[in-house]
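Hello,

Here is the structure I promised to pass on to you. Have a look at it first, and then read on for what turned up.

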Amino acid sequence: MATLEISKDNGLYFVIPEECGTGVKKVAGKVAKDVEGTLSFCPEICETVVTAKQAVIAVTAGSGELAEILCSKISKLGQVEGKRESYAFIVAENPVEGIESALVIYGSDKLGTIYGLFHLSELLGVTAMVDWGDCQYVKQDSFVLKEEDSFVSKEPSVKYRGF
């Protein structure tokens with residue numbers, strides 16, 4: 001069974017290919033800071049796959065070779081194809097060569113990928129009030145994601161979301 005234990009001892013990489021664009025990279029940086037605020041270490045953000053025990057891999061459908069490789073190896077990822085603002089949030093073992101276990105966030109489009117990244121912050125217990133209010137991060141020693149935490153999001157019920 002696939003698990004991902006995020007802790008200072010295990011380390012963590014965020015793999016965000018260049019093809020995902022600057023918006024996804026900025027959000028990945030924000031989520032990495034949320035990991036740092038919660039677990040007291042900041043994951044390294046890379047554009048290419050590195051040899052690592054564990055990683056968070058965020059890609060957008062149709063955005064390059066890594067997205068194609070992941071989609072061919074993990075069948076559930078195809079469920080977001082053709083949808084808008086949807087994402088697959090999958091805990092997988094050996095998703096690509098060199099990474100033992102990973103959280104794969106596969107967005108149907110860039111917004112889907114961004115929503116998937118923010119879902120990780122939500123699971124860590126981080127709220128928007130950390131940035132906008134006077135809330136503090138809830139400190140943890142480790143955080144475990146299991147295969148049961150994997151899911152595919154639904155398409156939003158309204159066409160345009162926002163404030």
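Two residues are in contact here when they have heavy atoms within 4.5 Å. With that in mind, Ser 63 is in contact with Glu 19 and Cys 20, once its neighbours within four places in sequence are left aside. Please remember as you read that this is a predicted model.

Let me stay with Ser 63 for a moment. You will find Ser 63 in the loop between strand 4 (52-60) and helix 2 (65-73). Is Ser 63 buried or partly exposed? Its relative accessibility is 14%, and buried means under 20%, so Ser 63 counts as buried. Its side chain also reaches back to the backbone oxygen of Thr 60, at 2.5 Å.

Six strands make up an open sheet, and their order is 3-2-4-6-5-8, with mixed pairing. Strand 3 and strand 8 are the edge strands, since each of them pairs on one side only. If the word "pairing" is new to you, strands of a sheet pair through backbone hydrogen bonds, and they can do so in parallel or antiparallel fashion. One example to look for is Ala 88, whose bridge partner in strand 6 is Tyr 106.

Now for the aromatic rings. How many aromatic pairs does a search of the whole structure find? The search finds two. Tyr 87 and Phe 151 form an edge-to-face pair, with 5.7 Å from centre to centre and 75 degrees between the planes. This pair links distant parts of the chain, as Tyr 87 is in strand 5 (residues 87-93) and Phe 151 is in strand 8 (residues 151-152), 64 residues apart. Tyr 87 is buried, with a relative accessible area of 9%, whereas Phe 151 counts as partly exposed at 27% relative accessibility. Phe 89 and Phe 151 form a pair that is tilted, at 5.9 Å centre to centre and 35 degrees between the planes. Phe 89 belongs to strand 5 and Phe 151 to strand 8, so this pair ties together parts that are 62 residues apart in sequence. Phe 89 is buried, with a relative accessible area of 0%. Put together, Tyr 87, Phe 89 and Phe 151 form one aromatic cluster.

Helix 1 deserves a look as well. Helix 1 has 18 residues (residues 22-39), which should span 26 Å at 1.5 Å a residue, and its end C-alpha atoms are 25 Å apart, which agrees. Among the buried residues of helix 1 are Val 24, Val 27, Ala 28, Val 31 and Val 35. As background, an α-helix has 3.6 residues a turn, so residues three or four places apart point the same way. The buried residues of helix 1 pack against strand 1 (3-7), strand 2 (13-15), strand 3 (44-46), helix 3 (110-123) and strand 7. After helix 1 comes Ser 40, which has a positive phi, near 65 degrees.

Gln 140 is partly exposed, at 24% relative accessible area. Not counting residues up to four places away in sequence, Gln 140 touches Thr 38, Leu 39 and Leu 124. A polar atom of the Gln 140 side chain lies 3.1 Å from the backbone oxygen of Leu 124. The C-alpha atoms of Gln 140 and Val 24 are separated by 26 Å, and the two residues are 116 residues apart along the chain.

Finally, the cysteines. A disulfide is a covalent bond between the sulfur atoms of two cysteines. How many disulfides are there, with sulfur atoms required to be within 2.5 Å? The count comes to zero. Cys 46 is in no disulfide, and the nearest cysteine sulfur, that of Cys 42, is 11 Å away. Cys 46 counts as buried, at 10% relative accessibility. Cys 71 counts as partly exposed, at 24% relative accessibility.

Enjoy exploring, and write back with any questions!

Best wishes

Notes
Residues numbered from 1 in each chain as written. Predicted model: local features only at pLDDT ≥ 70, side-chain atom pairs only at ≥ 80, totals over all residues. Heavy atoms only, no water. Buried < 20%, exposed > 50% of the residue type's maximum accessible area, 1.4 Å probe, protein only. Polar contact = N/O pair within 3.5 Å; in protein donor to acceptor, adjacent residues only side chain to side chain. Disulfide = S-S within 2.5 Å. Helix = DSSP H or I, 4+ residues; strand = E, 2+ residues; numbered from the N terminus. Expected span 1.5 Å × (residues − 1). Phe/Tyr/Trp six-rings, centres within 6.5 Å; stacked < 30°, edge-to-face > 60°. Pairing = 2+ DSSP bridges.
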